[in-house]
Amino acid sequence: MALERDPQLLEYAFSKNIILTFPTSLLAILKGLAMTIQQAEIAKNIDEIQAQAVELHKRFSIFIDKFNDIGSNLTRLNKSFNAAVGSAQSRLLPQGRRFAELAGQSGEIDVSDQIDEVVREIEVGE
């Protein structure tokens, strides 16, 4: 109605960076703007989730490497333990028994058995 009374009103409004609109058009524009803002926020969240996922993958890879290093160390420790038990049973205990017999004492000394468990590693599939 205002444009019917003053046809120059539209040009004047544009010169002042004002957009004249009807209430229904305004609602459509606001709804479109709200959807655009919502989409921008979703895109921002997606970027953040992706960055966090990349960081989590890096940390997980580092953890797996360290965890497998522990397994390797346990395997070496197991081999060292078994070698020490083998040495004690084949060399040290027989010599100790001979000394014990010469001294007139019981020569029985108990040494732990070897550890036969195998340490498993985490296998990361591609």
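This is a predicted model: local features need pLDDT of at least 70, side-chain atom pairs count only at pLDDT 80 or more; totals for chains, interfaces and linings use all residues.

Biologist: What pattern does the protein chain follow along the sequence?

Modeller: Reading along, you get α-α-α.

Biologist: And the overall dimensions, what does the C-alpha trace of the protein chain span along its principal axes?

Modeller: About 130 × 25 × 20 Å. The radius of gyration of the protein chain is 41 Å, while a compact globule of 126 residues would have one near 14 Å.

Biologist: How much of the protein chain is buried?

Modeller: Buried residues account for 9% of the 126 residues.

Biologist: Switching to charges. Which residues gather in a patch of negative charge on the surface?

Modeller: That patch brings together E108, D110, D113, D116 and E117.

Biologist: Where does E108 sit?

Modeller: E108 is in the segment after α3, and that helix covers 23-103.

Biologist: Is E108 buried or exposed, and why?

Modeller: E108 counts as exposed because its relative accessibility is 64%, and the cut-off for exposed is over 50%.

Biologist: OK, what about P94, where does that one lie?

Modeller: P94 is in helix α3. With a relative accessible area of 22%, P94 is partly exposed, since buried would require under 20%.

Biologist: What separates the C-alpha atoms of P94 and E108?

Modeller: Their C-alpha atoms are 9.8 Å apart, and P94 and E108 are 14 residues apart along the chain.

Terms used:
Residues are numbered from 1 along each chain as its sequence is written. Side-chain values use heavy atoms; hydrogens and water are left out. Patches are made of residues with over 30% relative accessible area and no salt bridge: like charges are joined within 9 Å, nonpolar side chains (Val, Leu, Ile, Met, Phe, Trp, Tyr) within 5 Å. Accessible areas come from the Shrake-Rupley method with a 1.4 Å probe; for residues, only the protein chains shown count as cover. A salt bridge is a side-chain nitrogen of Lys or Arg within 4 Å of a carboxyl oxygen of Asp or Glu. Lys and Arg count as positive and Asp and Glu as negative; His and the chain ends are not counted. The place of a charge is taken as NZ of Lys, CZ of Arg, CG of Asp or CD of Glu. Helices (H or I, at least four residues) and strands (E, at least two) are DSSP runs, numbered from the N terminus. Buried means under 20% relative accessible area, exposed over 50%, partly exposed in between (1.4 Å probe, protein chains only). The radius of gyration is taken over C-alpha atoms; the globule rule is 2.2 Å times the number of residues to the power 0.38.
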